[in-house]
Amino acid sequence: MRMRSKYAIILFFVVALVIIEKENNIISRVSDKFTLKLPHMELVGPNNTISARALTENNSLLSSSNIALWQLLKAQRNCSSLQAVPRREERKDLVERKHLLLMATTRTGSSFVGEFFNQNNNIFYLFEPLWHVEKTVTFEPGGMNGVATSIIYRDVVQQLMLCDLYALESFLFPMPDRHITGFLFRRGSSKSLCEGAVCTPAKRGGTERFPCRLRHCGLLNMTLAAQACLQKQHVAMKTVRLRQLEFLRPLVEDLRINLRIIQLVRDPRAVLASRMVAFPSKYEAWKKWANEGEVPDDEEVSKLRGNCENLRASAQLGISQPPWLKDRFMLMRYEDIALEPLKRAQEMYRFAGIPFTPEVKKWIYENTQASKASDNVYSTHKNSSEQFEKWRLGLPFKIARVVQQVCEPAMKLFGYKFVKDAATLANRSASLLENRNFRIT
């Protein structure tokens with residue numbers, strides 16, 4: 001009997017090693033496409049987060065198989081820890097604590113919409129935490145870039161939703177000193193990072209690149225921030241760097257996270273017009289076409305097509321409501337929010353299962369009824385019903401026509417009307433919105 005048990009144990013370990021090797025090969029093929037930009041950082045940081053120090057050896061970047069192994073081991077630890085977790089409906093704390101992810105792309109009004117949740121004192125809100133990951137990790141050319149990016153982003157989001165803010169430290173430069181940093185992107189855009197115990201007294205000589213806006217706080221203590229996150233009733237996050245909904249399935253099915261996803265979209269013609277103003281160097285080809293008649297090359301057009309297709313595919317998946325996404329996905333058009341901010345905010349709160357608060361209502365009233373909009377392209381203070389179609393007066397029809405051709409499937413899905421000439425484009429009395437209800441009842 002003892003001999004039989006001995007061989008059973010040996011067989012078990014052999015099978016386990018084979019499975020690990022196969023999974024490691026799969027992840028390695030993905031992770032071999034990227035390296036870390038920042039040298040001299042440790043592989044395993046606090047709470048098993050990725051760090052980059054061990055990815056350097058003899059002052060040169062190592063193979064990213066280290067990251068592949070880390071990803072695999074972390075996934076296995078998560079799986080084993082979840083086996084003993086009771087069903088979601090049996091965990092009162094998980095039912096009551098909600099997690100919300102606002103998924104968007106740049107210049108879709110996500111900063112403005114994110115404030116609907118940032119202003120709620122019961123929500124721990126994070127503004128673009130994946131900015132640091134994007135700045136730290138670079139990908140080699142190849143077809144697996146999107147997969148590799150999504151896996152890393154998803155992994156970090158998972159930890160942050162669980163209030164493990166140490167997961168970000170591996171991507172900060174310079175590395176935090178005893179969990180204290182002066183370099184968290186747009187810290188001031190998160191009230192939770194600038195209030196209470198997290199707002200430590202400022203010390204002489206302490207400098208911060210992204211300080212708090214409304215009060216003078218010291219450098220950010222990640223430990224205090226993590227504690228503040230755990231004390232809040234809910235967690236919300238806004239990001240423009242997660243664009244493929246299917247990669248979020250492990251988060252939705254993670255029993256520790258009660259996740260709701262809101263995908264925010266905007267008319268792609270308006271998005272391009274806004275990006276041309278906000279990022280002139282990145283959209284120089286389009287600006288030259290608008291000003292000098294120089295047609296953009298195929299690469300620029302292909303990039304636009306790819307962006308629209310990613311949005312369409314994710315939205316189509318969410319609207320189709322597969323079992324794993326049932327009642328956990330919401331599609332929202334920025335234009336609908338701009339026209340009826342209070343009504344749409346209340347709809348999003350009902351979807352998220354989070355009580356709407358007077359503070360949010362007050363902020364919406366004060367920041368959507370402005371008599372004069374700010375000139376700052378990143379401002380969230382605007383007369384939303386007047387500003388959301390301002391782009392129609394500045395975008396040349398020839399560019400709008402190309403966007404319509406390239407992004408036709410997405411525009412049809414989202415309910416954006418096409419224009420046939422420049423006069424119709426500039427006529428703001430002619431609505432470009434079809435009446436749509438994307439909610440699944």
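These exercises work through strands, helices and disulfides in a predicted model.

**Exercise 1. Find the order of the strands in the open sheet, and name the edge strands.**

Step 1. Read the order across the sheet. The five strands run E7-E11-E6-E12-E13, with parallel pairing.

Step 2. Look for strands that pair on one side only. These are E7 (123-127) and E13 (329-333), the edge strands.

Step 3. From one strand to the next it averages 15°.

Step 4. Check one pairing. E7 and E11 (residues 234-239) are joined in the parallel sense over five bridges. Phe127 stands opposite Lys238 in E11.

Step 5. Helix H13 (residues 341-352) touches E6, E7, E12 and E13. The direction of H13 makes about 170° with that of E13.

**Exercise 2. Work out how H4 lies relative to H14.**

Step 1. Take the axes. Those of H4 (residues 110-118) and H14 (residues 358-368) come within 9 Å and cross at roughly 150°.

Step 2. Apply the cut-off. Angles over 145 degrees count as roughly antiparallel. H4 is therefore roughly antiparallel to H14.

Step 3. List the contact. Phe112, Glu115 and Phe116 in H4 meet Val360, Trp363, Ile364, Asn367 and Thr368 in H14.

Step 4. Sort these residues. Five are nonpolar, two polar and one charged.

**Exercise 3. Decide how far helix H9 is covered, and by what.**

Step 1. Count. Ten of the eleven residues of H9 (residues 268-278) are buried. Among them are Arg269, Leu272, Arg275 and Met276.

Step 2. Find the partners. The buried residues of H9 pack against H10 (284-292), H11 (298-320), H16 (397-406) and H17 (408-414).

**Exercise 4. Describe the disulfide of Cys163 and Cys229, then that of Cys199 and Cys217.**

Step 1. Start with the sulfur atoms. Those of Cys163 and Cys229 are 2.0 Å apart. The torsion about the S-S bond is about -70°, so this disulfide is left-handed.

Step 2. Locate both ends. Cys163 lies in the loop between H6 and E9, and Cys229 in helix H7; they are 66 residues apart.

Step 3. Cys163 has 5%, so Cys163 is buried. Cys229 has 0% and is buried as well.

Step 4. Turn to Cys199 and Cys217. Their S to S distance is 2.0 Å. With -100° about the S-S bond, this link is left-handed. Both cysteines are buried.

Step 5. With bonded cysteines counted along the chain, the pattern is 1-6, 2-4, 3-5, 7-8.

Methods
Residues numbered from 1 in each chain as written. Predicted model: local features only at pLDDT ≥ 70, side-chain atom pairs only at ≥ 80, totals over all residues. Heavy atoms only, no water. Pairing = 2+ DSSP bridges. Helix = DSSP H or I, 4+ residues; strand = E, 2+ residues; numbered from the N terminus. Axes fitted to C-alpha atoms, helices over the stretch in contact; angles between N-to-C directions. Contact = heavy atoms within 4.5 Å. Buried < 20%, exposed > 50% of the residue type's maximum accessible area, 1.4 Å probe, protein only. Parallel < 35°, antiparallel > 145°, perpendicular 65-115°, else oblique. Nonpolar A, V, L, I, M, F, W, Y, C, P; charged D, E, K, R; others polar. Disulfide = S-S within 2.5 Å.
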